Amino acid sequence: MSSVPSSLMWLVFQWIIARTVLGACNFPAAWSGRWFQSGVQHYLLINSTTIETKGNCEGHEGDKFLVEDKFENCFRCVVIHEKHPNVLQYKETYCDSRQSLDTLCSEITGDAPLFSMFRYDAAPTSCPFRPPFVFTYNRGSGDCRYPVSRADACTEDSRLLLRYQACPDVLNSESTVEELVCLAWWKDGSTKYLVGQLQHKMATSDEDRYRCFVYEMKYSNHGKGISYDVAQSGDATCSGLLSPTEGSRTMKLTKVEAHHHMATNCRFPPWLTEHHQWHTLDHSKTFHFSPRNATLKINLNPSKIELKAVCHSLEQSIDSQVVIIAHITTGCQSGYVCLIFYRREGHVIELQQSTNRTQYPEDACKHHHYMTQVLPFTTLITTPKLLQCPFAGHYIVSEGNLPRASTQHVKDTVKCSQQYHALSVGCNTINKMEFHSQCDTEEVSAYSCHGDWSDSNASTRYLIASPVSRKSVGARRYCFVIYSSTDSNQITLMQVASVTDSCHRHVQPGLSEQYWSFNITHHGDCGDSGCRRSSIFSTLLVLASLYVIR
């Protein structure tokens with residue numbers, strides 16, 4: 001059998017290479033997803049080889065793509081520019097017979113229509129300008145200058161609130177509020193663009209929400225003042241928007257000091273800010289003080305800010321307590337509240353916050369907003385330290401019972417007889433409490449003590465403790481709330497509630513099925529060799545919270 005001539009093999013090899021290169025046309029992987037385009041009734045899907053309504057990629061050179069429309073049996077050149085991961089802009093030719101990429105693309109003229117596509121469900125990005133601003137605006141009937149409109153900050157840097165005022169002498173001016181969500185911004189030459197979504201009562205579709213902006217920053221007052229000229233598109237495109245002073249609506253934003261900023265430069269006290277980060281006992285929220293000690297941010301998780309508080313004025317300050325009026329922002333809503341911080345230990349603090357936000361700072365700490373007797377406490381910790389446990393001694397556990405709605409935590413902790421047998425506090429180690437089960441096979445359940453304090457009348461004591469070892473579903477920290485009273489026989493009765501999120505006041509042991517309870521009898525001091533019964537008969541009712549951190 002004769003061999004294939006080498007020249008023919010070479011031609012076949014070249015043909016395979018050419019077909020491979022032609023068939024390997026792919027759109028960038030970062031473009032994959034669904035996109036909004038004005039005038040198209042549905043979101044456009046882009047994958048590695050296809051743009052919906054355009055066709056399949058057959059070849060490309062740089063940002064020029066040869067696209068085949070198999071339904072129309074024709075080809076077009078599409079020139080696509082990625083302005084931002086959330087914005088694609090393109091120009092295209094009419095669909096024609098197959099020609100070379102260069103020949104087709106040469107038909108695109110400079111004044112060809114520019115189409116914009118905005119990524120559906122795009123992650124917002126920080127806005128290029130940060131409020132607060134006052135601004136004037138013009139919708140084609142003259143500048144609305146008085147009363148002045150205002151742009152305020154939201155909790156997230158990707159949002160701002162535009163509060164438009166109506167001017168009685170200007171047609172088409174109206175009092176309305178719009179929330180701008182920034183999705184992308186970029187620069188073309190000397191022109192800066194922004195794409196965002198406007199949320200307002202009249203916006204019912206994506207065509208109403210998406211808008212394009214051109215903006216320019218200016219300095220005044222020898223560089224101390226900052227202003228922005230901003231032009232807004234009239235529809236969900238960037239077409240025809242070339243100047244920051246020409247658009248469907250134009251605005252002039254002037255930077256101002258925040259209306260909650262005080263000349264006294266209010267700061268949170270050093271005992272709060274020496275640790276910049278605090279957590280609730282269950283770590284569900286993080287409290288972060290800024291390096292300049294004037295701002296507090298409360299996070300539900302590392303990327304989600306629930307609330308931002310700016311120190312406005314210091315109302316009262318003693319060694320272990322401070323009352324502060326703060327301007328808080330949640331989402332795009334803001335107002336003034338009264339904050340009361342209590343220092344319990346160097347690494348334990350508590351917070352009370354007035355229930356209602358007020359428009360004026362002087363109202364925030366008035367009595368009807370600020371009733372400390374009923375306001376809940378939030379207990380916060382930073383890096384915990386090991387401290388001596390209170391109520392050192394040995395105790396016998398008896399008469400236990402479980403609530404009806406048992407949880408996995410109780411099932412994991414209380415087995416066999418469903419009770420602990422004994423408790424020793426600060427005996428083997430001064431900073432540990434050890435619960436012993438009646439089952440020989442059960443391990444000791446130990447808790448480390450991190451600090452304790454009493455309320456104003458010394459009738460209630462609060463202890464922060466953490467399990468020495470815990471399961472993944474177990475609680476990180478507990479607050480043992482200890483109530484002391486004396487019965488008719490002059491026997492000291494102590495009731496203890498174990499809570500996993502904060503040191504709650506007004507806990508009612510034994511009256512709620514959400515607590516696990518049992519009795520403990522004092523059996524001797526730590527130094528007693530025989531652990532003989534104390535001459536003073538003390539009983540403690542201990543309740544363990546069923547709130548478990550998932």
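User: What counts as a helix or a strand here, and how many of each are there in the protein?

Analyst: Helices are DSSP runs of H or I with at least four residues, and strands are runs of E with at least two. By that rule the protein has five helices and 33 strands. The model is a predicted one.

User: What is the predictor's confidence in the protein, as pLDDT?

Analyst: The average pLDDT is 83, and 79% of the residues score at least 70. Over residues 401–415 the pLDDT is below 50, and this stretch has 26 contacts in the model beyond near neighbours in sequence. Residues 530–550 also have a pLDDT below 50, with 74 contacts in the model counted in that way.

User: Why is serine 227 called buried?

Analyst: Buried means under 20% relative accessible area. Serine 227 has 9%, so the residue is buried. Across the protein, buried residues make up 46% of the 550 residues.

User: Where is serine 227 found, and what is it in contact with?

Analyst: Serine 227 is in strand β15, residues 225–232. Leaving aside neighbours within four places in sequence, serine 227 is in contact with Glu216, Met217, Lys218, Lys252, Leu253 and Thr254.

User: Why does lysine 64 count as partly exposed?

Analyst: The class lies between the buried limit, under 20%, and the exposed limit, over 50%. Lysine 64 has 31% relative accessibility and therefore counts as partly exposed. This residue lies in strand β5, residues 64–69.

User: What makes β9 and β16 a pair?

Analyst: Two strands pair if DSSP finds at least two bridges between them. Strand β9 (residues 133–138) and strand β16 (residues 249–255) have six bridges, in the antiparallel sense. Phenylalanine 135, for instance, has leucine 253 in β16 as its bridge partner.

User: Which strands make up the closed barrel, and what is the average twist?

Analyst: The closed barrel has eight strands, in the order β9-β10-β11-β12-β13-β14-β15-β16, with antiparallel pairing. From one strand to the next the twist averages 35 degrees.

User: What share of the accessible surface belongs to carbon and sulfur atoms?

Analyst: These atoms hold 51% of the accessible surface, which comes to about 28,500 Å² for the protein.

Notes. Residues are numbered from 1 along each chain as its sequence is written. This is a predicted model: local features need pLDDT of at least 70, side-chain atom pairs count only at pLDDT 80 or more; totals for chains, interfaces and linings use all residues. Side-chain values use heavy atoms; hydrogens and water are left out. Buried means under 20% relative accessible area, exposed over 50%, partly exposed in between (1.4 Å probe, protein chains only). Accessible areas come from the Shrake-Rupley method with a 1.4 Å probe; for residues, only the protein chains shown count as cover. pLDDT is the predictor's confidence in each residue, from 0 to 100. Contact means heavy atoms within 4.5 Å. Axes are lines fitted to C-alpha atoms, for helices over the stretch in contact, and angles run from 0 to 180 degrees between N-to-C directions.
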